[in-house]
Amino acid sequence: MHNIPKIEDPRGNLSFIQAGDGGACPFEIERVYWIYDVPTGRVRHGRALRHTSEMIVAMSGSFDVLLRRPGEADRRVHLCRSDRGLLVEPGTWRVIDNFSTNSVAMVLASAAYDPDEYIEDFAEL
């Protein structure tokens with residue numbers, strides 16, 4: 001888990017993400033997208049990326065991320081704070097599920113979208 005700087009203020013907290021050396025995100029950010037309006041009980045399909053790193057942040061609500069790597073034990077991480085980011089390394093199978101109402105997941109990626117980058121079958125890892 002990576003800590004994201006948080007400036008606390010009575011009017012509301014402020015966080016920011018800087019990329020690269022010394023930043024909260026350990027890679028240069030090439031793409032940002034968010035996942036939202038996922039009905040409770042639904043699962044975002046599993047997949048892995050060949051060469052792209054990702055950082056996932058719960059901007060609102062909460063959800064779980066299941067991480068799987070061949071030969072390693074599965075790891076389930078509960079994300080519920082916008083000042084924590086989960087790093088997903090290339091070649092890691094990930095499934096996002098257990099969304100609370102009004103969850104928003106922000107995903108930072110180290111590369112632009114490329115359909116050839118996606119592994120859609122865990123057996124291909």
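Two residues are said to be in contact when they have heavy atoms within 4.5 Å of each other. By that rule, and not counting residues up to four places away in sequence, Ile96 touches Ile35, Val43, Arg44, Ile56, Phe63, Asp64 and Val65. The structure is a predicted model, in which local features need pLDDT of at least 70 and side-chain atom pairs count only at pLDDT 80 or more, while totals for chains, interfaces and linings use all residues. Residues are numbered from 1 along each chain as its sequence is written, and side-chain values use heavy atoms, with hydrogens and water left out.

**Nonpolar cores**

- A nonpolar core is a set of buried Ala, Val, Leu, Ile, Met, Phe, Trp, Tyr and Cys residues joined through side-chain atoms within 4.5 Å, where buried means under 20% relative accessible area, found with a 1.4 Å probe on protein chains only.
- The largest core has 16 residues, and those that touch the most other members are Ile35, Ile56, Phe63, Val65, Leu79, Leu86 and Ile96.
- At least two residues of this core come from each of S4 (31–36), S6 (54–60), S7 (63–68), S8 (75–79), S9 (84–88) and S11 (104–109), strands being DSSP runs of E with at least two residues, numbered from the N terminus.
- Strand S7 gives the most to this core, with three residues.
- A second, separate core has nine residues, including Phe27, Met55, Val57 and Leu87.

**Sheet**

- Five strands form an open sheet in the order S8-S7-S10-S5-S12, with antiparallel pairing, and two strands count as paired if DSSP finds at least two bridges between them.
- The edge strands S8 and S12 (118–119) each pair on one side only.
- S7 and S8 pair in the antiparallel sense over five bridges, and Leu67 stands opposite Arg75 in S8.

- The largest cavity holds about 30 Å³ of space, a cavity being a set of points on a 1 Å grid over the protein atoms alone where a 1.4 Å probe fits but cannot get out.
- Its lining, made of residues that have an atom within 4 Å of a point, consists of Arg47, Ala48, Leu49, Thr52, Glu54, Val88, Glu89, Pro90 and Thr92.
- Strand S5 (residues 44–49) supplies the largest share of this lining, three residues.
- Thr52 lies in the loop between S5 and S6, and Thr52 counts as buried because its relative accessible area is 5%.
- Leaving aside neighbours within four places in sequence, Thr52 is in contact with Val88, Glu89, Pro90, Ala109, Ser110, Ala111 and Glu117.

Conventions: Buried < 20%, exposed > 50% of the residue type's maximum accessible area, 1.4 Å probe, protein only. Helix = DSSP H or I, 4+ residues; strand = E, 2+ residues; numbered from the N terminus. 1 Å grid on protein atoms, 1.4 Å probe; cavity = no way out; pocket = protein on both sides within 12 Å on 5 of 7 lines; lining within 4 Å. Points joined across faces, edges and corners; volume = space filled by probe spheres on them.
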